[in-house]
Amino acid sequence: MNNTQTIARNSFWFGLELFFNICAAFVASILVARVIGPQRLDQFNYVAWLTNITTSLGTVGLPMTTRKYMAECLNRGEPGVARAIYVTGLKLQAVISAAVTVCAVLLVLVAEAPAHHLVSLILVMNMAPRMIGFIPSQANNASEMMRRNTAAGLTGSALNIAITLLSLWIGWGLVGIASGLAVASALETVLKLRAVRAWLRDIPPAPISPEMKKRMFSYSGQGLVLMALNVVVWDRSDLVILRALNHHAGQVTFFSIAFNLTERMLMIPNAFGNPLGATMMAQYGRGKERLHQLTVSGAKYAFLLALPLLAGMASISGPAILLLYGHAYQPMIPVLAIAAVLAIPKSLIGPATLLLQTYENQGYLIAVGCACGALDILLDVLLTPSHGAVGAALANGLAQTAAAIAIWYRARRAFGLDLRLGGFGRIALSGIVMAAAVLFVQYLVAGYAGLVVAVVSGAVVWMAMLRLTGAIDREDAERFVHIGRILPERVRPIYSRIVSLVATEPRA
């Protein structure tokens, strides 16, 4: 398969898993928010956020090192070395996850109030299987066969949603919700481990060279530092300052839910971005010539997917929140609108970051993380005492924007990328017109009927503007049609017709 075919296939499987997760989690989160209420959710969200941060630190060090060097070895014809890398990474990750979990349990017993011990301990126990599961997941990504993760992911998510809904129905409350997370994570990890074992068991291991061990150690250490810094900017560390400096009830919940909704929306372009990252790592082993083209094209398509979703969500945030969450969550409306708009630059960071990581150029990313982390903390201290969740959303979003500019500046200077800014500008213009049309329709048609009409109108205006501005040229259209070959045969003609409606010939 060529890169387009591989990315298309992996986007389908990864996108299928994401689609199910987004829909199921969206419904469950609304029910939990309505049944539990914003005040009771504050403590639960805070502890869950702390465990998510700790678990996230395990996603970049060893797992990302495993993916990068397994992909490099598999595409250089060294599968035995790839297996040795996987086994080594899995053993180290198991030790690290056990140590982290024990420390977290002790911290809960010492620092938490006894009334919160049970729920907090269940959330903490969820960390170990999640951290271990990152290794087989990235091993499957290194093989550019993401379908090996899909079945495990769908099974775990379905079990989690089922236990959550059952807990709300029979009154288990937060204990049941936390238990659903823990049980589902354990099952998903077991299934992923079995999947990797199935395709690696017949490959005899080979020794890892001292030179590669040195590279892996350096890459893993830099990745861990980078993730720790990114947590400050991207992963809601704003909650710590918000919780400390603003004591108004519900502010933590408002920011947490708004941030979660924005992140869920960003998962849709990630259905393309994650497979792109796997192919970029593999392409480094096959040959570096096409990496630069993959980076710019990946950013354009991520922007094409993220802009209408995030700008649209910001435009309909008012009636959507009142309809789905109720009037108790009305203060969350400006928080969601700000978080969604300022998350648009974040959708562009992935390809440039992957390019720098592929070339093992993570020192600059660490420097950017330090600078943007300091900016985020400074803005949090200035804004959250008086503006609460709105201030936290502004601080986080402005730090994201600064990081996106800095990372792309470096990527362009270091590798001489042709960013083709005209294409990005036409996509941005289309998004602005779409958002304006959605707001105008809501002004004309009030209530929930206006919400439905606004969504439909926004989709129509978006596609019309893409056609008028020429944002999608013939080369893009050919790629999209090629990707459409993975769809069911009955759907392909409809998909091809939509592509032909929005695509134009390239400008001179």
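A salt bridge is a side-chain nitrogen of Lys or Arg within 4 Å of a carboxyl oxygen of Asp or Glu. These legends describe a predicted model, in which local features need pLDDT of at least 70 and side-chain atom pairs count only at pLDDT 80 or more. Residues are numbered from 1 along each chain, and side-chain values use heavy atoms, without hydrogens and water.

**View 1. Arginine 76 and glutamate 78 form a salt bridge.** Their closest N and O atoms are 3.3 Å apart. Arginine 76 counts as partly exposed because its relative accessibility is 40%, where buried means under 20% relative accessible area, exposed over 50% and partly exposed in between (1.4 Å probe, protein chains only). Glutamate 78, at 29%, is also partly exposed.

**View 2. Glutamate 72 pairs with arginine 215 in a salt bridge.** The closest N and O atoms lie 3.2 Å apart. This pair links distant parts of the chain, 143 residues apart: glutamate 72 belongs to helix H3 (residues 62–74) and arginine 215 to helix H9 (residues 210–234). Helices are DSSP runs (H or I, at least four residues), numbered from the N terminus. Glutamate 72 is buried at 3% relative accessibility, and arginine 215 is buried at 17%.

**View 3. Glutamate 263 and lysine 346 form a salt bridge.** Here the closest N and O atoms are 3.0 Å apart. Glutamate 263 lies in helix H11 (residues 251–286) and lysine 346 in helix H15 (residues 346–358), so the pair ties together parts that are 83 residues apart in sequence. Glutamate 263 is partly exposed at 25% relative accessibility, whereas lysine 346 is buried at 18%.

Notes
Helices (H or I, at least four residues) and strands (E, at least two) are DSSP runs, numbered from the N terminus.
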